[in-house]
Amino acid sequence: MITITDLADILARNYDVPFREAHKKASIIATKVSETGKELYDVPLALVNEWLEYVQLEEKDWEAIVDPKHFVESRSVTGGTNPDVVREMIKRRKLKLV
């Protein structure tokens, strides 16, 4: 369920949902998914859109939200999980050890 934060990000960035409301909606979705006993990626977009009410996600956005590879690669800030960022941090740390 770690990729649920992408739902809030995409709602705020692509659907003009205010930041706090986007995070509240993501929390609601996370709770409802947990109640089903399924994983986030097992829940159909139509059901998620029902739960979101007035916001209707596009398929491409839902696929990005539930894709752990996309989640990792999109974190390209310092300290993020993007593989290039991690390699650079390792390189810098090794230089400090020399």
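This is a predicted model: local features need pLDDT of at least 70, side-chain atom pairs count only at pLDDT 80 or more; totals for chains, interfaces and linings use all residues.

Q: Where does D16 lie, and what is its phi?

A: D16 is placed in the loop between α1 and α2. Its phi is positive, about 55 degrees, although D16 is not a glycine.

Q: Which residue in the loop between α3 and α4 should be read in this way?

A: That residue is E53, located in the loop between α3 and α4 (59–65). E53 is not a glycine, yet its phi is positive at about 70 degrees. E53 is exposed, and its relative accessible area is 58%.

Q: How many residues does helix α2 have, and what length does it reach?

A: Helix α2 covers residues 19–36, which gives 18 residues. From its first C-alpha to its last it reaches 26 Å, close to the 26 Å expected at 1.5 Å a residue. After α2 comes G37, whose phi is positive, near 80 degrees.

Q: How does one read the sides of a helix, and which residues of α2 are buried?

A: The general idea is that an α-helix has 3.6 residues a turn, so residues three or four places apart point the same way. In α2, the buried residues are A22, K25, A26, I29, A30 and V33. Viewed down the axis of α2, these buried residues fall within an arc of 140 degrees, so they line one face of the helix.

Q: Which exposed residues does the face of α2 turned away from its buried side carry?

A: That face carries R20, K24 and E35, which are exposed.

Q: Against which helices do the buried residues of α2 pack?

A: They pack against α1 (4–14) and α3 (45–52).

Q: At what angle do α1 and α2 pack, and how far apart are their axes?

A: When two helices pack, one may read the angle, the distance between axes and the handedness in turn. For α1 and α2 the angle is about 145 degrees, and the axes are 8 Å apart. The crossing of α1 and α2 is right-handed.

Q: Which residues of α1 and α2 meet?

A: From α1, the residues are I4, L7, A8, D9, L11 and A12. They meet F19, A22, H23, K25, A26, I29 and A30 in α2. By type, the residues of this contact between α1 and α2 divide into 10 nonpolar, 1 polar and 2 charged. Of the α2 residues named here, A22, K25, A26, I29 and A30 are also among the buried residues of that helix.

Technical notes
Residues are numbered from 1 along each chain as its sequence is written. Side-chain values use heavy atoms; hydrogens and water are left out. Helices (H or I, at least four residues) and strands (E, at least two) are DSSP runs, numbered from the N terminus. The expected span of a helix is 1.5 Å times one less than its number of residues. Buried means under 20% relative accessible area, exposed over 50%, partly exposed in between (1.4 Å probe, protein chains only). The arc is that of the directions from the helix axis to the C-beta atoms. Contact means heavy atoms within 4.5 Å. Axes are lines fitted to C-alpha atoms, for helices over the stretch in contact, and angles run from 0 to 180 degrees between N-to-C directions. A crossing is left-handed if the near helix is turned anticlockwise from the far one by less than a right angle, and right-handed if clockwise. Ala, Val, Leu, Ile, Met, Phe, Trp, Tyr, Cys and Pro count as nonpolar, Asp, Glu, Lys and Arg as charged, and the others, Gly among them, as polar.
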